[in-house]
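Q: Please take me through the structure below, one term at a time. I want the criterion behind each label and the value that is set against it.

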Amino acid sequence: MGSAVKGLAVSQGIGIGKLAVLESASVIEKNEVTDIAGEILKLDEAFADAADQLERLYNEKREVLGEENAMIFQAHLLMVQDEIWQEAIRNLLKKEKVSAESAVYEESENTAAMFEKLESEYMQERAHDIRDVARRVIRLLRNEEAFKLSELPSGTVLAAEDLTPSDTAQLIPENIEGIVTAIGGSTSHAAIIANSLGIPAVMGVGKKALEGFMKGATVIVDGGSGDIILDPSEVEIELYRSKIGEIEQESELLKAYKGKESLTLDGRKVELAANIASPDDLKNVIENDADGIGLFRSEFLFMDRKTAPSEEEQYIAYRTVLEAMGGKPVIIRTMDIGGDKKVPYLNMEEEMNPFLGYRAIRYCLKEQDVFRTQLRALLRAGVHGNLKVMFPMISSVQELRMAKGIVRELEKELSDDGIAYSEKVQYGIMIEVPAAALVSDLLAKEVDFFSIGTNDLIQYTVAVDRMNAHIAELYTPYNPALLRLIHMTVENAHKAGIPVGMCGSAAGDLDLQAIFLAMGLDELSMAPRLVLKARKRAAETDVTLAESRLAEMLMIAEPDVLEDRIKSMML
């Protein structure tokens with residue numbers, strides 16, 4: 001039997017292959033120099049060369065990865081061109097009379113260390129980006145060639161202490177069976193790109209575990225469970241090969257559900273929609289035959305760039321999605337900036353509790369210029385399809401009325417200017433704050449639809465930081481309080497005659513699907529690759545039977561007992 005290692009499952013799938021171990025960057029010792037002017041000249045040339053490399057990488061990779069994922073190279077380009085960062089390195093070089101590479105290394109490590117101390121996992125991951133950019137500059141200063149990840153042979157499992165985003169982007173997906181890293185998490189750019197490329201990935205196994213990874217050894221990577229098996233036995237290899245065969249067979253069988261209505265066993269219709277972050281995700285939505293788009297995370301249009309997207313740029317993005325969906329409903333959430341989604345050019349102050357702070361609708365109602373630009377683009381794009389606009393982080397009727405007031409003002413502006421806009425746009429809100437669920441009867445009178453965002457609703461309801469590994473077991477969609485809030489919200493929405501959907505990760509939990517349908521949820525929106533699986537599960541679900549058991553489920557007090565009962569009874 002092989003030795004087992006456990007990590008974070010960040011990209012689903014199973015890979016079996018030979019290990020290639022990417023050695024981590026070595027610490028650069030301080031070494032004094034006398035030719036300061038010469039070192040600064042070398043430094044400036046390295047900055048320029050790094051910028052050229054990143055520009056080329058962006059142009060090459062956006063064809064392979066799509067615009068959104070290739071934007072990491074644009075973000076790195078902004079870093080390497082940042083005058084404050086460059087000047088800090090020059091000043092360090094002059095002050096301590098050290099080599100250019102020593103100055104780059106020391107300054108980048110100091111900056112990265114500051115990011116690692118922040119509470120937000122998203123901001124901690126930015127430390128990897130800083131080190132990635134610094135390593136690129138140092139390699140140029142030393143005239144060293146980067147490890148050519150694009151030349152790894154077929155059947156490779158790549159292991160590294162910290163696989164940077166630009167490293168991941170250079171991989172040839174057909175040659176890589178899996179990825180393992182000592183550090184990193186599900187919100188890192190590398191994890192996102194691994195998902196985009198369809199490469200199984202497990203991250204955060206720890207530096208000590210990585211020491212046992214030997215080049216050329218056979219390894220199994222299970223990106224769905226987070227399990228890694230080193231030097232597996234033939235029995236284990238055959239077991240996992242059979243699992244791969246089952247996954248492939250399931251994918252083939254799911255194709256039979258393309259082009260079909262999403263109907264339950266007892267004939268009820270449910271809308272199974274997809275979540276996207278940019279127009280680049282449309283291919284997966286269409287391939288998986290989603291009934292619509294239940295969540296377009298528009299804030300990603302604002303990230304990894306120098307300035308906010310213009311009204312015209314946003315209009316084109318929204319129009320592209322609406323036209324591609326051909327009349328199917330498209331729910332676009334207004335920008336949910338803040339929390340773990342930082343946008344430097346908006347100059348938002350660091351907060352003690354960013355998830356409870358100045359974010360989403362709270363920011364938009366205060367900084368109305370950015371909000372109005374987005375709403376104008378949405379109103380204009382609405383003439384090209386079935387648009388629904390959704391406001392995030394609503395916690396009171398007052399906030400909602402303020403947002404709707406701005407919409408009315410903009411409609412008048414566009415009308416007065418003779419600019420075409422849609423008068424048929426529907427408006428809804430995210431139910432992701434317990435306060436919104438508790439007054440959902442009042443909010444339902446003000447909107448056309450609800451969508452429940454379980455990712456935040458869980459952490460706010462149970463008071464659990466979803467980034468904190470010490471209390472991870474408390475962050476569960478099977479918490480009775482959460483399910484009761486969802487049930488209350490659905491009942492209040494239906495009493496007011498409006499539909500209610502769900503776009504959080506729980507919407508893609510097939511084991512919970514039956515109980516959500518029993519509650520009366522009208523729509524479930526999930527990752528595109530889950531849509532056909534959910535359609536198959538719906539076709540096997542007797543909602544009438546699930547309804548008969550709903551009251552019993554809502555009386556169970558313990559999350560683990562509730563989970564077991566739902567999984568065993570809601571078939």
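A: A nonpolar core is a set of buried Ala, Val, Leu, Ile, Met, Phe, Trp, Tyr and Cys residues joined through side-chain atoms within 4.5 Å. Buried means under 20% relative accessible area, exposed over 50%, and partly exposed in between, with a 1.4 Å probe and protein chains only. This is a predicted model, in which local features need pLDDT of at least 70 and side-chain atom pairs count only at pLDDT 80 or more, while totals for chains, interfaces and linings use all residues. Residues are numbered from 1 along each chain as its sequence is written, and side-chain values use heavy atoms, with hydrogens and water left out.

Q: Which residues have the most contacts inside the largest nonpolar core?
A: Phe391, Phe450, Ile486 and Phe516 do, in a core of 96 residues. A second, separate core has 32 residues, including Ile28, Leu57, Phe73 and Ala100. In soluble globular proteins, nonpolar side chains tend to be buried together.

Q: What does Phe450 touch, not counting residues up to four places away in sequence?
A: Contact means heavy atoms within 4.5 Å. On that criterion the partners of Phe450 include Ile429, Ile431, Leu443, Ala493, Ile498 and Val500.

Q: How many helices and strands does the protein have?
A: There are 22 helices and 16 strands. Helices (H or I, at least four residues) and strands (E, at least two) are DSSP runs, numbered from the N terminus. Of the 571 residues, 53% count as buried.

Q: What makes the strands E9-E10-E11-E12-E13-E14-E15-E16 a barrel, and which way do they pair?
A: They form a closed barrel of 8 strands with parallel pairing. Two strands pair if DSSP finds at least two bridges between them. E11 and E12 are joined by 5 bridges, and E12 and E13 (residues 426–431) by 4, so both counts meet the requirement of at least two. Between E14 (residues 449–452) and E15 (residues 500–502) there are 3 bridges, where Ser451 stands opposite Gly501. Further partners are Arg333 with Met390 in E12, and Val389 with Tyr427 in E13.

Q: How do you know that E12 is mostly covered?
A: In E12, 5 of its 6 residues are buried.

Q: Why are E1 and E2 called edge strands of the open sheet?
A: The open sheet has 8 strands in the order E1-E8-E7-E3-E4-E5-E6-E2, with mixed pairing. Strand E1 (3–6) and strand E2 (8–11) each have a single partner strand, so one side of each is left without a neighbour in the sheet. The twist averages 30 degrees from one strand to the next; axes are lines fitted to C-alpha atoms, for helices over the stretch in contact, and angles run from 0 to 180 degrees between N-to-C directions.

Q: In which sense do E3 and E7 pair, and over how many bridges?
A: E3 (residues 14–22) and E7 (residues 218–222) pair in the antiparallel sense over 5 bridges. Ile14 has Asp222 in E7 as its bridge partner. Helix H9 (residues 234–254) lies across E3, E7 and E8 (227–230), at about 120 degrees to E3.

Q: What span does H11 reach, and what is expected?
A: The expected span of a helix is 1.5 Å times one less than its number of residues. H11 (residues 311–324) has 14 residues and reaches 20 Å from its first C-alpha to its last, close to the 20 Å expected.

Q: Which residues of H11 are buried?
A: They are Glu311, Gln314, Tyr315, Ala317, Tyr318, Val321 and Leu322. They cover an arc of only 165 degrees around the axis, which puts them on the same side of H11. The arc is that of the directions from the helix axis to the C-beta atoms. Among the elements that these residues pack against are E9 (271–276), H10 (282–287) and H13 (368–381).

Q: Is Lys97 exposed, partly exposed or buried, and what about Ala463?
A: Lys97 is at 44% relative accessibility and therefore counts as partly exposed, whereas Ala463, at 67%, counts as exposed. Lys97 lies in the loop between H3 (83–96) and H4 (100–116), and its phi is near 55 degrees, a positive value in a residue other than glycine. Ala463 lies in the loop between H17 (454–462) and H18 (480–495), with phi near 60 degrees.
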